[in-house]
Amino acid sequence: MSLDGEYEPSTAQWVRDQVAEYESSGGQRANTLRESGLPVIIVTSRGNKSGKIRKTPLMRVEHDGQYLLVGSQGGAPKHPVWYYNLTADPQAVMIQDGPEPFDVTVRELPEGEERAQWWARAVEAFPPYAEYQNRTERRIPVFLATRRS
């Protein structure tokens with residue numbers, strides 16, 4: 001299954017540019033967070049209000065074929081908009097990590113050992129996540145994405 005519908009690019013120019021370059025190159029270009037050298041994936045979801053297709057580059061946190069989607073928003077006080085898209089329809093999500101996107105199902109990891117294990121992987125992949133959590137009073141949400149067959 002692919003997500004059908006009208007694609008509405010981000011209002012942020014750098015996000016629009018990164019998504020377009022990543023997709024047009026099959027993940028060969030624009031596959032890191034700016035000049036950091038750290039890898040990103042493209043997450044596609046359906047807007048929970050508009051119904052339009054949304055695409056977001058997120059840090060690549062992968063383990064044994066599963067991915068963690070971290071709603072850090074740099075430690076901002078509010079969740080990123082895509083958080084609400086995933087909670088509204090956890091089946092309407094795709095990930096592109098390389099040449100071809102694939103369907104995933106997501107589930108939020110609210111508390112417990114599984115979340116702690118994945119959070120450690122997230123901080124290992126992108127150390128600023130720890131600082132972002134310290135910067136905000138909200139619990140940074142994380143979603144585990146599992147490929148659908």
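Predicted model: local features only at pLDDT ≥ 70, side-chain atom pairs only at ≥ 80, totals over all residues.
Q: Where is R34 found, and what is its phi?
A: R34 belongs to the loop between α1 and β1. R34 is not a glycine, yet its phi is positive. Most residues other than glycine have a negative phi. For R34 the value is about 45°.

Q: Which residue in the loop between α1 (13-24) and β1 has a relative accessible area of 26%?
A: The loop between α1 (13-24) and β1 holds A30. Here too phi is positive in a residue that is not a glycine, at about 55°. With 26% relative accessible area, the residue is partly exposed, and its name is A30.

Q: What share of the contacts with a separation of 6 or more is made by residues 24 or more positions apart?
A: The C-alpha trace spans about 35 × 35 × 30 Å along its principal axes. Within the protein, 42% of the 149 residues count as buried. Of the contacts with a separation of 6 or more, the share from residues 24 or more positions apart is 63%.

Q: How far apart are the centres of the positive and negative side chains?
A: The accessible surface is about 8000 Å², with 49% belonging to carbon and sulfur atoms. The protein carries 18 positive and 20 negative side chains. The distance between the centres of the two sets is 4 Å.

Q: Which residues of helix α2 (residues 81-88) are buried, and what arc do they cover?
A: The buried residues of α2 are W82, Y83, N85 and L86. They lie on the same side of α2, because the arc they cover around the axis is only 160°.

Q: Which residues are exposed on the other side of α2?
A: The buried residues of α2 pack against β1 (40-46), β2, β4 (66-70), β5 (93-96), β6 (101-108) and β7 (142-147). The other side of the helix has exposed residues, namely V81 and A88.

Q: Is W82 buried or exposed, and which residues is W82 in contact with beyond four places in sequence?
A: W82 is found in helix α2. Its relative accessible area is 10%, so W82 is buried. Leaving aside neighbours within four places, its contacts are T56, L58, L69, V70, G71 and F143.

Q: Which residues does T56 contact beyond four places in sequence?
A: T56 is found in strand β2 (residues 53-59). Its relative accessible area is 18%, which means that T56 is buried. Leaving aside neighbours within four places, the contacts of T56 are I41, I42, V43 and W82.

Notes. Residues numbered from 1 in each chain as written. Heavy atoms only, no water. Buried < 20%, exposed > 50% of the residue type's maximum accessible area, 1.4 Å probe, protein only. Contact = heavy atoms within 4.5 Å. Areas by Shrake-Rupley, 256 points an atom, 1.4 Å probe, with all protein chains shown as cover. Lys, Arg positive; Asp, Glu negative; His and termini not counted. Charge placed at Lys NZ, Arg CZ, Asp CG, Glu CD. Helix = DSSP H or I, 4+ residues; strand = E, 2+ residues; numbered from the N terminus. Arc of directions from axis to C-beta.
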